[in-house]
Amino acid sequence: MAEALVDFEQLAELPAAVHDFVAGGSGAELTLRRNRSALDAITVTPRVLGGVESPDTTTTILGTPAALPVAVAPMAYQRLFHPLGELFLAKAAANAGIPYVISTLSSVPLEKIAAVAPSWFQLYWLRDRKTVRALIDRATASGCRALMITVDVPVMGRRLRDVRNSFALPPEVTAANLVDKYTEAHCGVSGSSAVAAHTASAFDPTFSWRDLAWVRSVTEIPLLVKGILDPRDALAAVDAGADGVVVSNHGGRQFDGAPASIDALGSVIDAVGNDFPVLLDSGIRGGTDVLKALAIGADAVLVGRPLLWALAAGAADEALALLGRELRDAMLLAGCADLAAVADLVTGRS
């Protein structure tokens, strides 16, 4: 039984190579560790005697009502962790009343996922522009409420655990949204990552702000730009027509040397202003982390790895319920009746 969200990693029974695929970062995993140490170093000064009994955690994120200031992060190939894959976790998100972000590389077609949960669609920039346009149109037709375009993967970071494990997808787990479902990701080669080989062949490293403006021109649903760390890029996203940004270093899986996402959050908010939606991704492991991010100024957070561990343990509903309890407990202890009160807390560093 899990007493904290982080406990699900120990409950997930996975092959070692699949565990490493989730747990690992790029390079020496400096940024991966930095995400955690930076969150741990943040202090929040609680308020007292607020007369709070039942904190209100409800909010609206990019027009989507949410019971928690949380969305399920886009994560690929979830049938690696459970036979139902994305459908299992998406249903849990629906039960929890939070948005589920469908990955371009989901192992279940996006239409089936969008049918079971309030969904956003995450888009990688592919070499084939027709496929990009088709994915945008499919997401829109399926009722996805926002488009989240990931901008920090011109190439996949060198994830050494996958290289050492010669990681490749099993034949029953495919990129269900793509025409060519069986790809280089299934072709294991000793001393290399097959998933990285697929990324190199499918993703377009020349993706630019001009292309992002084109995305804005072909869809009217809210557009989020994920992978922002520099305030100048946040302002460029605003200029390109984005409706919000996600401050993220891809969970420490891309440039190993990037700052912790939580350390970049404040300067991005200062650049775009408090009225522009800013979400945080990377390193969130529990309700207190959510409170810290909101206290610094985030509107909401994305939660990733802990929910994959819970998915593998067949406990996605339990994990999201536990996350809600953790956040409400943190708000009570910090003296916050609602999320607006969280934003007024004073933060520092230990």
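Colleague: At what angle do the axes of helix 6 and helix 9 cross, and within what distance do they come?

Modeller: In this predicted model, where local features need pLDDT of at least 70, the axes of helix 6 (residues 129-141) and helix 9 (residues 209-218) come within 11 Å and cross at roughly 40°. Residues are numbered from 1 along each chain, and side-chain values use heavy atoms, with hydrogens and water left out.

Colleague: Why is helix 6 called oblique to helix 9?

Modeller: Angles under 35 degrees count as roughly parallel, over 145 as roughly antiparallel, 65 to 115 as roughly perpendicular and the rest as oblique; the crossing is at roughly 40°, and that makes helix 6 oblique to helix 9.

Colleague: Which residues make the contact between helix 6 and helix 9?

Modeller: With contact meaning heavy atoms within 4.5 Å, helix 6 contributes Arg 129, Val 132, Arg 133 and Ile 136, while helix 9 contributes Asp 211, Trp 214, Val 215 and Val 218. By class, five are nonpolar, none polar and three charged, where Ala, Val, Leu, Ile, Met, Phe, Trp, Tyr, Cys and Pro count as nonpolar, Asp, Glu, Lys and Arg as charged, and the others, Gly among them, as polar.

Colleague: What makes helix 10 oblique to helix 11?

Modeller: Helix 10 (residues 231-239) and helix 11 (residues 261-272) pack at an angle of about 40°, with their axes 8 Å apart, and that angle makes helix 10 oblique to helix 11. Pro 231, Ala 234, Leu 235 and Val 238 of helix 10 meet Ser 267, Val 268, Ala 271 and Val 272 of helix 11, a contact with seven nonpolar, one polar and no charged residues.

Conventions
Predicted model: local features only at pLDDT ≥ 70, side-chain atom pairs only at ≥ 80, totals over all residues. Axes fitted to C-alpha atoms, helices over the stretch in contact; angles between N-to-C directions. Helix = DSSP H or I, 4+ residues; strand = E, 2+ residues; numbered from the N terminus.
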